[in-house]
Amino acid sequence: MTSASQTVGGKPQVQQSARSGSISATKWLSRILIYTILIALGITWIFPLYWMVTSSLKDDPQIYTVPPVLIPNPVFWNNFYDAWTRFDFNQAAFNSVFLYSLPVTIFTLISSMIVAYGFAKIPWRGRDALFWVCIATMMLPWQVTMVPLFIIFKNLGWINTYWPFVVPSLFGNAYFIFLLRQFFLSIPEELSDAARIDGASEFGILWRIILPLSKPAIAVVLLFRFLWSWNDYLGPLIYINTEAMQPLALAIYRMRTLALSMGTTAMAYPHLMAVSTLVALPIILIFIFAQRTFIEGISTTGLKG
Amino acid sequence: MAVATAPRRGMTKTERRNQVMGLLFISPWLIGFLLFALFPLVASLYYSMTNYDFIRDPQFIGLANYVRLFTTDPDFWTVMYNTLYYVGFGVPLGIAVAFLIANLLNSDIKGRTLFRSVIYIPSIVPAVCTAMVWLFILNVQYGAINGILKTIGWQTIPFLSSPELAKPSLIMIYVWAQGTAVVIFLAALQDVPRSLYDAALVDGANAWHRFWNVTVPMCTPVILFNFIMGIIAAFQDFTLPFVLTGGGPMKSTEFYVVNLYRNAFVQFSIGKASAMAWILFLIILLFSVILFRTSARWVYYGGEK
């Protein structure tokens, strides 16, 4: 890995010298150093994901040889098909998208927008105090409410359903209420006032004036809420225990558990890498296409991935 | 809240309307807060003082669960040590590495967006997928790293299967997934006024002095933010240790929340699990307060102070 990074690291030097001769020698050296370190870091950081993707394209002899095979040859596509059909991953993908991530994302957006509007755009007594309570709930570790919530949802008969995820999303999420409120505050009050004079209701103002102006904030909410549901593992682990209802994250884990119980974990790696690649791929694609929204969401409010 | 719900007589018609509309708009959050945060919080405190196994009715036993955890519980202190080790080394190391990478990315380089993406993507890929990949890469027999070591004739390293190396291995993966902190730091670095660096240059400060006396102080508020968020998140890390090592070998990676989960949903010791949750809550609160309290000494708030 070191030798590779050094050869690549030498490249900027050539570009640099071609571009201008006015840069001093020390600046030159520091540039080469920075590029070398960055490329070494980049290779280190991407390696696990590279290994995930390439391992899913190898057949068994390529997987288990020393020295490790860096580039799959021949490329072996069967792992994807075998792994996906070995368990009912179609069902799991359907559950992840339509029963979990999409409804939770959409409901969280709608409810959080309504609440944020009440905190940002309507003046009423006690508003700031309750907003502080809302902020404070962000500090509450999930472990504290986990057990009582489980008991509540169990008594409601919601085990092995997606209600424990969908129903709470109807009541807003403190992070997104905060984010949307901050954004709504930056929209000039004159716009709402003008609409009020024209006889618009508060819902009308939210729908017709605030919503179209809040697209960047809405994008952040949609993106991160989807990401969190897609990646959620502990929630399904607690509430879902049938194969027919499990989402993708749980399906991968169960696949490994089964391999472990049959003493074939080692043999299962190509399959595990294949399904991991397929489950990680949507997230990586979303990131590539919505990179700016991601970066904005993190750098303005510190939302975690 | 009673004050807020009852519109006072002294209000004008508009004020009264706003009071009603405001409460109406935030009511989803308020109901959700009462049902899914406040009630479970109180219930959890109650359960922590009972003997409860999901089946028979809870028996009130006062503080016995807490006393037992601190005195006779065979695992509590091991689990606490493991977690403090992970948080104590992982979080500062993660912040240091993230800050250095952000500084490298902030220098005058080409391809910043590409490098940033490479560093950031691991932190949004589903944790179950990254856990599977690391499980494979760090495997003693078939892993890529040991494959490379074997190729150059070195001894293999039992990253996850030795009690001494399991925690450092998990910390390594934790640091690898700190892309969010890098993005936050990078945004903060780009906000540092150029004029400060120019002034430092005029005063003859070299790169090292500029880093220590301009960059670091100007970034201390964000360092504090990342520290607090990092500590809260690291204390609650579940998926990675649960999937990668399941707490082993020899309980060396049995972290607090993994143990809490096991107590609640495997052993059904609800009282003990709830007491653990409250202890964790107080520890996180304590750490946050200490960081905030000491922050006046090391955090520099531009013109605000």
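Tutor: The crossing of α8(A) with α14(B) is left-handed. Keep in mind that this is a predicted model.

Student: OK, how do the axes of α8(A) and α14(B) cross, in numbers?

Tutor: Helix α8 (residues 142-155) of chain A and helix α14 (residues 270-298) of chain B have axes that come within 8 Å and cross at roughly 155°. Angles over 145 degrees count as roughly antiparallel, and α8(A) and α14(B) are therefore roughly antiparallel to each other.

Student: Which residues in α8(A) meet α14(B)?

Tutor: Q143(A), V144(A) and V147(A) do. In α14(B) they meet I270(B), A273(B), S274(B), A277(B), W278(B), L280(B) and F281(B).

Student: And by class, what is in that contact of α8(A) with α14(B)?

Tutor: Eight nonpolar residues, two polar ones and no charged ones.

Student: Next pair. At what angle do α11 and α12 of chain A pack?

Tutor: The angle between helix α11 (residues 189-197) and helix α12 (residues 202-213) of chain A is about 125°, and their axes are 10 Å apart. That makes α11(A) oblique to α12(A).

Student: Left-handed or right-handed, when α11(A) passes α12(A)?

Tutor: α11(A) passes α12(A) in a right-handed crossing. From α11(A), L191(A), S192(A), A195(A) and R196(A) take part, meeting G204(A), I205(A) and I209(A) of α12(A). By class, the contact of α11(A) with α12(A) divides into four nonpolar, two polar and one charged.

Student: Now the two chains. How many residues does the contact take from chain A and chain B?

Tutor: It takes 75 residues from chain A and 77 residues from chain B. On the side of chain A that touches chain B, helix α3 (residues 25-55) gives the most, with 13 residues. That side of chain A has 55 nonpolar, 15 polar and five charged residues.

Student: What about α5 in chain B, which of its residues are buried?

Tutor: In helix α5 (residues 112-120) of chain B, the buried residues are F115(B), S117(B), I119(B) and Y120(B).

Student: And what covers the buried residues of α5(B)?

Tutor: Both chains contribute: the cover includes α3 and α17 (291-301) from chain A, and α4 (76-106) and α9 (179-191) from chain B.

Student: How many residues are in the largest nonpolar core?

Tutor: The largest nonpolar core has 148 residues. Those with the most contacts inside it are L180(A), I252(A), V128(B), V182(B) and F185(B). Apart from that core lies another, of five residues, among them Y100(A), V104(A), F107(A) and Y162(A).

Student: Take V182(B). What does V182(B) touch?

Tutor: Not counting residues up to four places away in sequence, V182(B) touches A98(B), I101(B), A102(B), I119(B) and Y120(B). I119(B) and Y120(B) are also among the buried residues of α5(B).

Student: Jumping to S96(A). Buried or exposed?

Tutor: S96(A) has 24 other C-beta atoms within 10 Å. The cut-off for buried is 20 or more, so S96(A) is buried. S96(A) lies in helix α6 (residues 89-120) of chain A.

Student: What is S96(A) in contact with, leaving aside its neighbours within four places in sequence?

Tutor: S101(A), W230(A), P247(A) and L248(A). S96(A) and L248(A) are 152 residues apart in sequence, yet 6.1 Å apart in space, C-alpha to C-alpha.

Student: Last topic, the backbone. Which residues does a cis peptide bond join?

Tutor: One cis peptide bond joins N73(A) and P74(A), with omega about 0°. P74(A) is in the loop between α4 (60-63) and α5 (78-86) of chain A. Another joins G248(B) and P249(B), with omega about -10°. P249(B) is in the loop between α12 (239-244) and α13 (256-265) of chain B.

Student: What is the phi of K251(B)?

Tutor: K251(B) lies in the loop between α12 and α13 of chain B. K251(B) has a positive phi of about 60°, although it is not a glycine. Most residues other than glycine have a negative phi. K251(B) counts as partly exposed, with 18 C-beta neighbours inside 10 Å.

Student: And F54(B), where is that found?

Tutor: F54(B) is in the loop between β1 (50-51) and β2 (59-60) of chain B. F54(B) is not a glycine and has a positive phi of about 80°. F54(B) is partly exposed, with 14 other C-beta atoms within 10 Å.

Methods. Residues numbered from 1 in each chain as written. Chains lettered and ligands numbered in written order. Predicted model: local features only at pLDDT ≥ 70, side-chain atom pairs only at ≥ 80, totals over all residues. Helix = DSSP H or I, 4+ residues; strand = E, 2+ residues; numbered from the N terminus. Buried ≥ 20, exposed ≤ 12 C-beta atoms within 10 Å, placed from the backbone. Contact = placed C-beta atoms within 7 Å. Core = buried A, V, L, I, M, F, W, Y, C linked by C-beta atoms within 7 Å. Nonpolar A, V, L, I, M, F, W, Y, C, P; charged D, E, K, R; others polar. Axes fitted to C-alpha atoms, helices over the stretch in contact; angles between N-to-C directions. Parallel < 35°, antiparallel > 145°, perpendicular 65-115°, else oblique. Left-handed = near helix turned anticlockwise from the far one by under 90°.
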